Amino acid sequence: MRSIWKGSIAFGLVNVPVKVCSATEDHDIKFHQVHGKDGGRIRYNRVCTECGNVVQYADIDKAYDSDDGVRVVLTDDDFGKLPAAEKHEIPVLQFVPTEQIDPILFEKSYFLEPDSTSPRAYVLLATALAVSDRTALVHFTLRQRTRLAAMRSRDGVLVIQTLLWPDEVRAATFPSLEDVEKPKAKELAMAETLVDSMAEDFDPTEFTDDYQTQLRALLDEMISSGGKKVIPVAQADKGGEDAEVVDLVAALQRSVDAAGKKAAPAKKKSAGTAAIKGTAEEKNSSKSTTSERKRA
């Protein structure tokens with residue numbers, strides 16, 4: 001399990017070095033947008049609505065549009081001035097009864113792995129939380145964003161779950177529920193009887209994602225049977241890039257190479273050299289696109 005963050009838990013005078021790892025993963029099957037006629041991948045350019053030019057990631061900034069129609073453009077330097085810079089400490093604010101935290105506030109979960117030669121302090125904190133049935137409220141900063149989070153013990157492992165701020169939870173106001181008559185005693189008794197008859201201990205392994213299972217079966221069946229809708233990847237993506245966004249320089253280079261081959265078919269050596277050069281430039285362009293994405 002790869003860690004995405006290193007720091008330490010701080011409560012009182014105790015400091016517990018930890019690594020942060022994502023506790024969940026998405027198993028949904030991913031799809032691409034393609035041209036239904038020939039199966040070719042759909043590519044997108046970043047086009048400026050003002051000048052009409054394709055914009056590289058390095059030249060893209062973020063902007064906020066206010067309600068009164070004013071647009072404020074922020075650069076990386078502007079974001080760097082904010083106090084919520086990357087902090088490698090998880091300060092414990094307080095310990096609260098676990099049942100007092102409404103599950104609707106829970107957002108994303110992370111495992112905390114001990115990051116020291118002697119994890120005694122880690123084990124002590126996890127055990128204390130489990131025995132006391134309390135959850136630690138902490139501040140957790142990840143990717144320059146500080147969140148309120150709940151830290152609890154799960155089977156001896158510390159888990160952090162980021163929490164929504166109270167104003168991020170909508171108020172549930174439904175007029176249709178305001179004047180509804182309360183359930184009669186007999187109706188409530190019957191409902192409780194039904195609940196008791198279906199009561200069981202929760203075991204998540206008993207449940208499966210039927211949609212994904214059937215979707216996988218459908219894909220496997222289509223691949224095995226073949227047909228017009230099943231296209232070899234090398235054929236479908238011929239002449240395209242792996243990245244979602246078309247790199248203009250690489251596209252122009254391929255056009256130049258193709259035009260050169262048509263104009264001078266006899267010069268095999270020169271054509272081969274041009275092809276090698278084009279491949280090298282495409283690789284460099286791909287690396288550039290990847291680094292631009294990371295900066296974005």
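In which loop is Asp 133 found? In this predicted model, Asp 133 belongs to the loop between H2 and S7, and its backbone has a positive phi of about 55° although the residue is not a glycine. Most residues other than glycine have a negative phi. With a relative accessible area of 46%, Asp 133 is partly exposed, since buried means under 20% and exposed means over 50%. A positive phi of about 55° is also found at Asp 155, again a residue that is not a glycine. Asp 155 is placed in the loop between S8 and S9, and at 75% relative accessibility it counts as exposed.

Of its 296 residues, 20% count as buried. Among the contacts with a separation of 6 or more, 63% are accounted for by residues 24 or more positions apart.

The largest nonpolar core consists of 21 residues, and those with the most contacts inside it are Ile 9, Ile 90, Leu 112, Phe 140, Met 151 and Leu 158. Two or more residues are given to this core by each of several elements, including strand S1 (5–11), strand S5 (89–97), helix H2 (120–132) and strand S7 (134–142). Apart from this core lies another, of 6 residues, among them Val 96, Leu 137, Leu 148 and Leu 163. When residues up to four places away in sequence are not counted, Ile 90 touches Trp 5, Ser 8, Ile 9, Ala 10, Val 18, Leu 112, Val 138, His 139, Phe 140 and Ile 160.

Two of the residues touched by Ile 90, namely Trp 5 and Phe 140, also form an aromatic pair. The structure holds 4 aromatic pairs. In the pair of Trp 5 and Phe 140, the ring centres are 5.6 Å apart and the planes stand at 75°, so the arrangement is edge-to-face, the cut-off for this class being over 60 degrees. Because Trp 5 lies in strand S1 and Phe 140 in strand S7, the pair ties together parts that are 135 residues apart in sequence.

Ser 8 lies in strand S1 and, at 10% relative accessibility, counts as buried. Leaving aside neighbours within four places in sequence, Ser 8 is in contact with Asn 15, Val 16, Pro 17, Val 18, His 88, Glu 89 and Ile 90. Thr 162, placed in strand S9, is buried with a relative accessible area of 7%. The residues that Thr 162 touches, not counting those up to four places away in sequence, include Phe 106, Tyr 110, Phe 140, Arg 147 and Leu 148.

The largest pocket holds about 700 Å³ of space. It is lined by 20 residues, of which the closest to its centre are Val 34, Gly 39, Lys 229, Val 230 and Ile 231. The elements that give two or more residues to the lining are helix H4 (210–225) and helix H5 (233–236), and the largest share, 3 residues, comes from H4. By type, the lining divides into 9 nonpolar, 4 polar and 7 charged residues.

Note on methods: Residues numbered from 1 in each chain as written. Predicted model: local features only at pLDDT ≥ 70, side-chain atom pairs only at ≥ 80, totals over all residues. Heavy atoms only, no water. 1 Å grid on protein atoms, 1.4 Å probe; cavity = no way out; pocket = protein on both sides within 12 Å on 5 of 7 lines; lining within 4 Å. Points joined across faces, edges and corners; volume = space filled by probe spheres on them. Helix = DSSP H or I, 4+ residues; strand = E, 2+ residues; numbered from the N terminus. Nonpolar A, V, L, I, M, F, W, Y, C, P; charged D, E, K, R; others polar. Core = buried A, V, L, I, M, F, W, Y, C linked by side-chain atoms within 4.5 Å. Buried < 20%, exposed > 50% of the residue type's maximum accessible area, 1.4 Å probe, protein only. Contact = heavy atoms within 4.5 Å. Phe/Tyr/Trp six-rings, centres within 6.5 Å; stacked < 30°, edge-to-face > 60°.
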